[in-house]
Amino acid sequence: GLSPEGAALTMLNLQRDRPTLWDMEAELRTFAPPLLVLVGDEDHPCLDGSLFLKRTVPTAALHIVPRAGHTITMEEPVVVNAALQTLFTAATDGTWMTHRKNDNT
């Protein structure tokens, strides 16, 4: 991990000035590539942002994994890998958004 000084410098020089998801709402509304948002239901700080992405990005899908936290890739690798395989397959064959063919939402 980072030393206390390194963590403080990261916060001061990188994270402090980084825009939030909510700051990027206008740009996210025009995001076109397939987007899979994976979040664990125990990752409380990330749930609101994940739901925001689902509601904002037209191509977003939200996958909430039960009983998983922030380290979802280590906690549930089989679930994460299966979700990614679905994303990659649908993105490759152009079927990511076909479920909305006749939907205006």
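Trainee: How many aromatic pairs does the structure hold?

Mentor: One. This is a predicted model. The partners are tryptophan 22 and phenylalanine 52.

Trainee: What makes tryptophan 22 and phenylalanine 52 an aromatic pair?

Mentor: The ring centres are 5.1 Å apart. Rings pair if their centres lie within 6.5 Å. Therefore these two rings count as a pair.

Trainee: Why is the pair called tilted?

Mentor: Look at the planes. The angle between them is 35°. Stacked needs under 30 degrees, and edge-to-face needs over 60.

Trainee: How do you know that the pair links distant parts of the chain?

Mentor: Check the positions. Tryptophan 22 is in the loop between α1 (4-15) and α2 (25-28). Phenylalanine 52 belongs to helix α3, residues 44-56.

Trainee: Why is phenylalanine 52 called buried?

Mentor: Its relative accessibility is 11%. Buried means under 20%, so phenylalanine 52 qualifies.

Trainee: And why is tryptophan 22 called partly exposed?

Mentor: Tryptophan 22 has a relative accessible area of 45%. Exposed means over 50% and buried means under 20%. The value for tryptophan 22 falls in between, so it is partly exposed.

Trainee: Is arginine 67 buried or exposed, and why?

Mentor: Exposed. Its relative accessibility is 69%, and the cut-off is over 50%, so arginine 67 passes.

Trainee: Step back. Which elements make up the protein, and what is their order?

Mentor: There are five helices and two strands. Along the sequence they run α-α-β-α-β-α-α.

Trainee: Why is the protein called more spread out than a compact globule?

Mentor: Compare two values. The radius of gyration is 16 Å. For 105 residues the globule rule gives 13 Å. The protein is well over that, so it is more spread out. Its C-alpha atoms fill a box of roughly 55 × 35 × 25 Å along the principal axes.

Trainee: How much of the protein counts as buried?

Mentor: Of the 105 residues, 24%. The protein exposes about 7500 Å², with carbon and sulfur atoms supplying 59% of that area.

Trainee: What share of the contacts with a separation of 6 or more joins residues 24 or more positions apart?

Mentor: That share is 68%.

Definitions and conventions. Residues are numbered from 1 along each chain as its sequence is written. This is a predicted model: local features need pLDDT of at least 70, side-chain atom pairs count only at pLDDT 80 or more; totals for chains, interfaces and linings use all residues. Side-chain values use heavy atoms; hydrogens and water are left out. Helices (H or I, at least four residues) and strands (E, at least two) are DSSP runs, numbered from the N terminus. The radius of gyration is taken over C-alpha atoms; the globule rule is 2.2 Å times the number of residues to the power 0.38. Buried means under 20% relative accessible area, exposed over 50%, partly exposed in between (1.4 Å probe, protein chains only). Contact means heavy atoms within 4.5 Å. Accessible areas come from the Shrake-Rupley method with a 1.4 Å probe; for residues, only the protein chains shown count as cover. Rings of Phe, Tyr and Trp (its six-membered ring) pair if their centres lie within 6.5 Å; planes under 30 degrees apart count as stacked, over 60 as edge-to-face and the rest as tilted.
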